[in-house]
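Please look through the sequence and the model below before reading on. The paragraphs that follow go through selected parts of the fold one at a time.

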Amino acid sequence: MNHSKKKQANGVRHKQYSNQQQTHYSNYEELGDFNNLILHNRIFSIMGEPEDHNDWNPRLIENTCDEPEAIIPNIPANARWAQNGVTVAGGHGRGNATNQLHWPQGLFVDDDQTMIIGDYDNDRIIQWKMGDTNGQVVAGSHGQGNRLNQLNGPTDVLIDKEMDSLIICDYGNRQVIRWSRHSGTTQGQILIDNISCFGLAMDDQRYLYISDTDKHEVRRYQIGDKNGTIVAGGNGKGADLNQLNSPGYIFVDQQQTVYVSDWDNHRVMIWNKGEKKGIVVVGSQGQGNILTQLSHPNGLFVDTLGTIYVADSWNNRVMRWPKGAKQGTVIVGGNGKGAGANQFKVPTASKFFEEKNNPTKNDQLEKIPNEVMNGLKEQGLFGIQIPVEYGGLGLTNTQAACLFEIISAHDLSISICTGAHQSIGFKGILLFGTDTQKRKYLPKLATGEHIAAFALTEPTAGSDATSIKTKAELSFDGQYYILNGTKIWISNGGIADIFTVFAQVPTIDDKTGQKQNKMTAFIVERKFGGLTNGRSEKKMGINASNTAQIFFEDCKVPVQNVLGGVGNGFKVAVNILNNGRFGMVAGLSGTMKMAIQKSINFAKNRRQFGRTIDTYGNIQEKLVRMEMRQYVTESIAFLLAQNMDRGISEYQCEAAIGKIFASESAWFVVDEAIQIHGGIGFMRSIGLERVLRDLRIFRIFEGANDVLRLFIALTGFQYVGLHLRELQKTVKYFYFNIIVGESSKRLRRGIGISSGPNINEYIHSSLHPSGLLLSKSIDYFGTVIEQLLIKYGKAIRDEQFIIHRIGDITIDLYSMAVCLSRCTQSFQNQISSAIHESNLVRIWCEEAYERINNNINLIQNSAFIERTRLMSELSGEIIDKESTVPVHPLSF
Ligand SMILES: Cc1cc2nc3c(=O)[nH]c(=O)nc-3n(C[C@H](O)[C@H](O)[C@H](O)COP(=O)(O)OP(=O)(O)OC[C@H]3O[C@@H](n4cnc5c(N)ncnc54)[C@H](O)[C@@H]3O)c2cc1C
């Protein structure tokens, strides 16, 4: 079940206003959009935290509302809402600072417009006064857990004014909590336990109503009563009139009529007092987005005229259904999913994974269950970046990165399946497809009706992709290419309908008359025939993803299905891989964050030698190192995605650095997470061992890290030689060229040309010491490259012992630049974590500087050069002996 949020009411102060939905407006008739915005804000809040993924500092809290003067008992039927909302809480991106929220859920608005918000993923209740830029934590905030001072995913909250306390649905702990509002309260008190409580309401007589998503019912409780009485549902899960299916948010009016958002039945029901059946009042036509339908109704509000306002969450809109209406009207949203002021972006993906997917089970089944696949498709997760005109979500790279983070935080097999489909499988059609190809293939790929795969690797062609042998020969009639060959380890290979296939087209060179092969990309449909697959491979990890061999035996592919032109196959392949890499980087940042959160939670609660282990320096160092790596990875991912969104096309080195850094960091972080967990970390039940197994492949596929390191280093050498003039243009965005460009500057200084800008011109003053280290490192780097080029010339490409270290230096330099850039923006945008970030950045930069110096010293050191010579010799002996060379200590 995936609920976003709802606001509820109690019934103490405003008896004239049903169930006291605390809505305050002055002179309603005269209201223009300005005051209507107030309501809009509230409904906006019901729907979800709008996420603007296009900036480090997505959105500030804005409030243009004056003090309210009177209470409006109902909302005129012709009321209009401004279509652009303003953010009234959160808006500083996802996070746990007091100006941030992380999946806000149930919302209660008090008489003075103070909002009490169930800050679901921060496991806390936060109170936000209108106009404030920061909220105040009023319950929880001691991490996720079930101690009395903790919460675990609160979904709804209300104020019981009589007791001056909060009542909280502590969903993850399956209990309803009372938490006094008196200052100094540090813990709650369990009111009702063992209940899958999601939505809350309190009527005028202080009866408490709670929806139960497991029992598919709503119960009413008198204060002190632990059992309650069923007032809606209670006949098992189902769509009959006496049933509910995952009831979420609820509303109760003065007659004690219960309104229920019947989440998985896509309807809102009312249950009159004492009735055994409900009445469907909204959305009786199944799931959909026409005006008679809903898709997962969420937050709910009813005015005194009986008009229902419902957050239609998966349609990203708020609907109004006057009493008795056969269809609703969209009052706000309905402009597609997004971060615009007139859009909502409901964070459904994460909830979907939490509620519908079981990665451990998938791993054991070695399959993503059909219902999960269908759910992913329903959410649009197979068409994240396909333009809306072709039926996709049309997200930018930056927005897509946010989704990739979520997917990979939950299930890396699903990340591979959806990634192989869209990051590489059909990416070629997006990048190089003709209009006809796009129109033909994208719509069904967007919905997931067709699954895509990317088929490049062959038994004798892995990293050296140009050596593929699959042949594509033109038919006599010139209508088809006939494909023959074998591809191995193709993700989605056994389940895909559409393949991007790379093959050699034999041709005769016009000038020389010599035979030559032109590597070419093709769009191949399984139904063309002549394409079969092997069984699903047994693997170390990502077990639920499908990996299979593909065989082409006289597979006839129409000439119209050439992708990107004959002979352009390598360019197509490289561009696809480059373009898709940011997704992997963002995804692995999500994986790391998940592992870090698990580790924090464990460390805070695990006591050894009389203290919780988070108090030991060893664990503290681990946690900080894990956070640093995640911070840098996240910074690379989003800078890369943003630069791509800005239209910068030269990002292949950044993408390669990101891929290496992310895959190695994720391995480090999850390994440390297991270490922090001790023995239990090794157990399947914790889920980390699976993630570690899943992660191993990321350092190998889509460009083995060792090969990418060489690529980065050699590109650096090239830039130094060729791209001096690019420097000025590229400095602003801190992308790869700045590193090598600044190194070029070192060369230019060497030959008497004046130097360019200083790194510290672009970064926040508090980061200048680190900026200086970066500038110095870049200078050293330039010196080294200069010397190496003089010493080796082009032959440097064969000096892998050295190039490997140059690759490491480059990665360190880039990581320094990226986190300095991000942290500067955090200061500029007054992000609450800026100081914390700057301390991370300081440690990162100081240590990176040391590593860079060590590597520079190393490759200049004659003893090292001698050792590399020795290693070549020793490895030759090992290979010759086809075993380890030393004789066993017992001489056999
Ligand atoms: C689970 C899984 C899923 C995959 N999915 C796909 C897919 O969807 N589509 C697809 O086309 N392919 C896929 N692959 C293939 C994957 O991309 C290749 O495994 C990868 O490119 C590396 O090739 P290789 O395994 O042949 O290793 P090789 O290229 O043989 O390399 C072996 C080792 O030698 C090193 N090495 C190679 N060349 C050099 C060099 N010049 N200098 C120094 N070191 C070098 C490598 O770094 C590596 O450590 C998948 C593989 C796996 C295991």
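**Aromatic pairs, strands and a helix pair**

Y171 has a relative accessible area of 15%, and because buried means under 20%, Y171 counts as buried. The model is a predicted one, and the values given here are computed from it. F198 is likewise buried, because its relative accessibility is 0%. Across the whole structure, a search finds 12 aromatic pairs. One of them is formed by Y171 and F198: the ring centres are 5.2 Å apart and the planes stand at 85°, so the pair is edge-to-face. This pair links distant parts of the chain, with 27 residues separating its members. Y171 lies in the loop between β7 (165-170) and β8 (175-180), whereas F198 belongs to strand β10.

A further pair is that of F698 and F701. Their ring centres are 5.3 Å apart and their planes are at 75°, so this pair is edge-to-face too. F698 and F701 are both buried. Elsewhere, one aromatic cluster is made up of F251, Y259, F301 and Y309.

Strand β10, which holds F198, leads on to the next topic. It spans residues 197-202 and pairs with β11 in the antiparallel sense, over four bridges. Opposite L208 of β11 stands M202. Five residues lie between the strands in the hairpin of β10 and β11, and R206 in this hairpin takes a positive phi near 65°.

On its other pairing, β11 meets strand β12 (residues 217-221), again in the antiparallel sense, over five bridges. Y209 has R220 in β12 as its bridge partner. The hairpin of β11 and β12 has four residues between the strands, and here H216 takes a positive phi near 55°.

How many of the residues of β11 are buried? Five of the five residues of this strand (residues 208-212) are buried, so β11 is largely enclosed by the rest of the structure. In a regular strand, side chains alternate between the two faces of the sheet. In β11, L208, I210 and D212 point one way, while Y209 and S211 point the other way, and all are buried.

Another part of the model is an open sheet of four strands. Its order is β14-β15-β16-β17, and the pairing is antiparallel. β14 (247-252) and β17 (279-282) stand at the edges; each has a single partner strand, so one side of each is left without a neighbour in the sheet. From one strand to the next, the twist averages 30°. The partner of β14 is strand β15 (residues 258-262), and four bridges join these two antiparallel strands. Among the residues involved, P247 has D262 in β15 as its bridge partner.

The last topic is a pair of helices. Two packed helices are described by the angle between their axes and the distance between the axes. Helix α17 (residues 800-828) packs against helix α18 (residues 834-860) at an angle of about 160°, and the axes are 9 Å apart. Because angles over 145 degrees count as roughly antiparallel, α17 and α18 are roughly antiparallel to each other. The crossing in which α17 passes α18 is left-handed. In the contact of α17 with α18, the residues divide into 20 nonpolar, four polar and six charged.

Technical notes
Residues are numbered from 1 along each chain as its sequence is written. This is a predicted model: local features need pLDDT of at least 70, side-chain atom pairs count only at pLDDT 80 or more; totals for chains, interfaces and linings use all residues. Side-chain values use heavy atoms; hydrogens and water are left out. Buried means under 20% relative accessible area, exposed over 50%, partly exposed in between (1.4 Å probe, protein chains only). Two strands pair if DSSP finds at least two bridges between them. Axes are lines fitted to C-alpha atoms, for helices over the stretch in contact, and angles run from 0 to 180 degrees between N-to-C directions. Angles under 35 degrees count as roughly parallel, over 145 as roughly antiparallel, 65 to 115 as roughly perpendicular and the rest as oblique. A crossing is left-handed if the near helix is turned anticlockwise from the far one by less than a right angle, and right-handed if clockwise. Ala, Val, Leu, Ile, Met, Phe, Trp, Tyr, Cys and Pro count as nonpolar, Asp, Glu, Lys and Arg as charged, and the others, Gly among them, as polar. Rings of Phe, Tyr and Trp (its six-membered ring) pair if their centres lie within 6.5 Å; planes under 30 degrees apart count as stacked, over 60 as edge-to-face and the rest as tilted.
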